[in-house]
There are 2 protein chains.
Amino acid sequence: MFETAELGRKISRQEFKAQVPQLRTELLELQQQLRTADFSVIVVFAGVDGAGKSETVDVLNEWMDPRGLLTRAFDPPSPEEQERPEFWRYWLALPPKGRIGMYLSSWYSQPLMDLVYGEIDQASFDQSLNRITTFEKELADDGTLILKFWMHLGKKAQKKRLDALEKDPLTRWRVTKSEKQHWKMYEAFEAVADRLLHKTNMGEAPWYIVEGADHNYRTLSVATLLRDAIHRHLERRAAVGEKVSAKKTARVETKQPHTVLSRLDMTQKVPRAEYELFLEKYQGKLHRLTREAKARQLSTILVFEGVDAAGKGGAIHRLTAAMDARLYQVIPIAAPTDEERAQHYLWRFWRHLPRAGRVTIFDRSWYGRVLVERVEGFADDAAWRRAYAEINDFEEQLVEHGTVLVKYWEHITEEEQLRRFESRQQTPYKSYKLTPEDWRNRDKWDVYEQAVNDMVAYTSTNFAPWTLVEGNDKYFARLKVLRMLCERLGAALSRH
Amino acid sequence: MFETAELGRKISRQEFKAQVPQLRTELLELQQQLRTADFSVIVVFAGVDGAGKSETVDVLNEWMDPRGLLTRAFDPPSPEEQERPEFWRYWLALPPKGRIGMYLSSWYSQPLMDLVYGEIDQASFDQSLNRITTFEKELADDGTLILKFWMHLGKKAQKKRLDALEKDPLTRWRVTKSEKQHWKMYEAFEAVADRLLHKTNMGEAPWYIVEGADHNYRTLSVATLLRDAIHRHLERRAAVGEKVSAKKTARVETKQPHTVLSRLDMTQKVPRAEYELFLEKYQGKLHRLTREAKARQLSTILVFEGVDAAGKGGAIHRLTAAMDARLYQVIPIAAPTDEERAQHYLWRFWRHLPRAGRVTIFDRSWYGRVLVERVEGFADDAAWRRAYAEINDFEEQLVEHGTVLVKYWEHITEEEQLRRFESRQQTPYKSYKLTPEDWRNRDKWDVYEQAVNDMVAYTSTNFAPWTLVEGNDKYFARLKVLRMLCERLGAALSRH
């Protein structure tokens, strides 16, 4: 597949100089437009050593407004990075909307090197590429423009370059040991690169193969492709924006008679004496389990979702009371900050993933996408529908990394909710919990119930099943939450 | 100093129950007011094991709205935390405005344990306490309300508690080995605690000693003190807010004839041929030095400040062109995000400190406080005046940690600036760089020059001196920037 990139194409100094001013102006103008656009741009640079990857990034940094650019390169993961799933650091390094992120040694480097050096077999290589295409697709679905440049250099051309650099004492430092070694392994790299490019060449994130031997040619190629892609994407996004707002108003909800919630036995109860006995028992157990999990570097993530006033806060409190305050963090999810709004909706959850051995409790979570955002129309139809798959993929990465993930839906009946709302109104120190929005949500009970039903249906995977908690009786609910966590943690520790 | 906390004070269950509803309501109401206030609250819990620190935090979490609270506890620093100055993790864990941060095992834990266990001597203990008081004072000056609770328990009371917990199989897990050991070292802890409390008891961040033996007494004490402090602070801040806005309008600038800038020799030049030769030489040198710094875990922070159009971008570009893209990050400082605005102005710089061996380049920096914020009146008089000391303290922490810190002021004359503005206007791909604000700033040339003069005078310390760069000739300026960095890095590596 690299034949077209060994043609010896060149652009003369004169022609280059003639083209640059216009191109720079266009790039800068597009950057200005991009600043207020609702998407970010990701540019991946990969390819053969010495084919001008970092030189090209350097030129782009010079030509464009550096305040709108961010350049990243990833070393092998640090100990703290290894405490999270592999893609954690890639998520955190994404550019916010309106900006361009340029990646040298990106998520492609590790799998490529690992296969070339025989650290992994082809099956796990392919698996890594799958993970990458899912990642890029999610970003593309969110509107991100992704371009990937494979900078190529034939074996002979590379040798020529290395020799020339080495002869000059001023540039000799550029020729490192690993570059020389890679040249000797040229064929192995080429075979792996070929597979990598074919497997990850998607419509939403295409590879552009660029002949890298001539500075002028490769620079103009990359800059022109980048210019055209941003230009097209700005136009396309503007068109999509109009369509979406048209769609929103036309949204209709079909109501279904039975849901997974309507089949819960909401009469289950626990007497007070029994509750107190078991509460103490489970809290003691949970304390020991979380300490052991800390010692053995096992992380836990808890998700609490539920009907308003179903007792999420009370249940969370019974868990935290049993844990060392050093070990857990409660993350309440409300409106996103502007830094969060400028990213994919999953970004704000990636940033809070716990270090090894800790517990993170999300009081509401990424499921807002398929609950409130769906019901209130904050996310358009396509967005919340594809969120099920995105969420499953996210959770799979957590579980594959070894994290214990427990998801609770705290449920109460409509009648019980009314009773609790009225009681909150009458208790001064509880009244702050009750907002006009709670009453409005109550009017949409059926729509929410349908959304919950779909959520459970689509995201109760075998690696991350939902735990539905019958919450009309608080004692019953709290014990169920505690017991389930102890079971899951205990099982994970015995496997760990 | 602990006699007053061994009086055996108690509050009966009845009285406790009678007082709680009113107190909770008041705390919740204050929390509501706090949400829109312009300050955060820091509550430090320290004291004797078993005196109810975490139990009290737990009760407050139950009584108050958990969405406005954040509870933190600090383990011994992780490898990644050790790559930054000690206070990095404390800065990043600060609550944003409108919220309350509660700290178990805070910045006081490490020095206290270290002195008790003989890891450090009393002089370094006192030094640590100085660092702490400076930290707390800076936060208090920014409006933060700081309360520190020392939870106390007499030696006998503690023994009684441990015995009772151990007798009951359900609570036995609470008695850890280290708690037993600490009980045996009671007198040593008491002596160190006494010194710690005296040395760090400041008006802006007072210690409250609370007798911890009785749950009801200590809970009501802490909650009442917290309520009163928040109440007072809300009133005081409202009053301060009015005064400040009155002051702003009355601000007057005194102009001085000579400044450190007027004495620069702005005629210095380098011919093109010489420039190209030395550029290549210094870039090669810088490349080797930054690689060595990476290998030896030496971090570098560069600060670029300067007159508009003085060539900061061009100079930065000549540095980055010589460095491996994996090693550096350019942080352009523009308007803060809302997460940054909700914190002390230094927070946004703390968050970007480089890992060991990396280079962070700030394109504009914390000096905005004493430049644009001073000149435009964004910071009030007291705020920018105390910033000199705050900045010196910040930089001292960087340098003490071993970071190489180089600060450049890029300067050009008024005439040269005019020439460059006009040239930018005429070059299409440069015109984006020129904003109406640039012309407005030009009108305030004298005021800015005075601010720069003061900045250099007050913040050119022996550990972090300013490098003034005569920038009328770009070649001269770029070489000076490169040469200075090579010198400073080289010197640091030879000492390292």
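## A covered helix in chain B

Let's start with helix H12 of chain B. Among the elements that cover its buried residues are H11, strand S6 (300-306), S7, strand S8 (359-363), strand S9 (404-411) and helix H20 (474-495) of chain B. Keep in mind that this is a predicted model.

Which residues of H12(B) are buried? They are B:Lys312, B:Gly313, B:Ala315, B:Ile316, B:Leu319 and B:Thr320. If you look down the axis of H12(B), these buried residues fall within an arc of 165°, so they line one face of the helix. Here's a handy bit of background: an α-helix has 3.6 residues a turn, so residues three or four places apart point the same way.

## Where the two chains meet

H12 (312-320) also turns up on the side of chain B that touches chain A, as one of the elements giving two or more residues to it. How many residues does each chain bring to the contact? Chain B brings 42 residues and chain A brings 41 residues.

On the chain B side, other elements giving two or more residues include helix H1 (13-35), helix H2 (53-63), helix H11 (272-295) and strand S7 (328-332). Sort that side by class and you get 17 nonpolar, twelve polar and 13 charged residues.

## The sheet in chain A

Now hop over to chain A, where five strands make an open sheet in the order S2-S3-S1-S4-S5, with parallel pairing. The edges are strand S2 (69-73) and strand S5 (207-211) of chain A, each pairing on one side only. From one strand to the next, the twist averages 20°. In general, strands of a sheet pair through backbone hydrogen bonds, either parallel or antiparallel.

Zoom in on one pair: strand S1 (residues 41-47) and strand S4 (residues 145-152) of chain A are joined in the parallel sense over seven bridges. Which residue of S4(A) is the bridge partner of A:Ile42? That's A:Ile146. Helix H2 (residues 53-63) of chain A lies across S1, S2, strand S3 (100-104) and S4 of chain A, and runs at about 160° to S3(A).

## Two domains in chain A

Chain A splits into domain 1 (3-243) and domain 2 (272-495). Taken over C-alpha atoms, the centres of these two domains of chain A are 39 Å apart. At their contact, 16 residues of domain 1 of chain A meet 16 residues of domain 2 of chain A.

On the domain 1 side, helix H4 (88-92) and helix H6 (122-141) of chain A each supply at least two residues. The largest share, four residues, comes from H6(A). By class, this side of domain 1 has eight nonpolar, one polar and seven charged residues.

Definitions and conventions. Residues numbered from 1 in each chain as written. Chains lettered and ligands numbered in written order. Predicted model: local features only at pLDDT ≥ 70, side-chain atom pairs only at ≥ 80, totals over all residues. Contact = placed C-beta atoms within 7 Å. Nonpolar A, V, L, I, M, F, W, Y, C, P; charged D, E, K, R; others polar. Pairing = 2+ DSSP bridges. Axes fitted to C-alpha atoms, helices over the stretch in contact; angles between N-to-C directions. Domains from an automatic or database assignment. Buried ≥ 20, exposed ≤ 12 C-beta atoms within 10 Å, placed from the backbone. Arc of directions from axis to C-beta.
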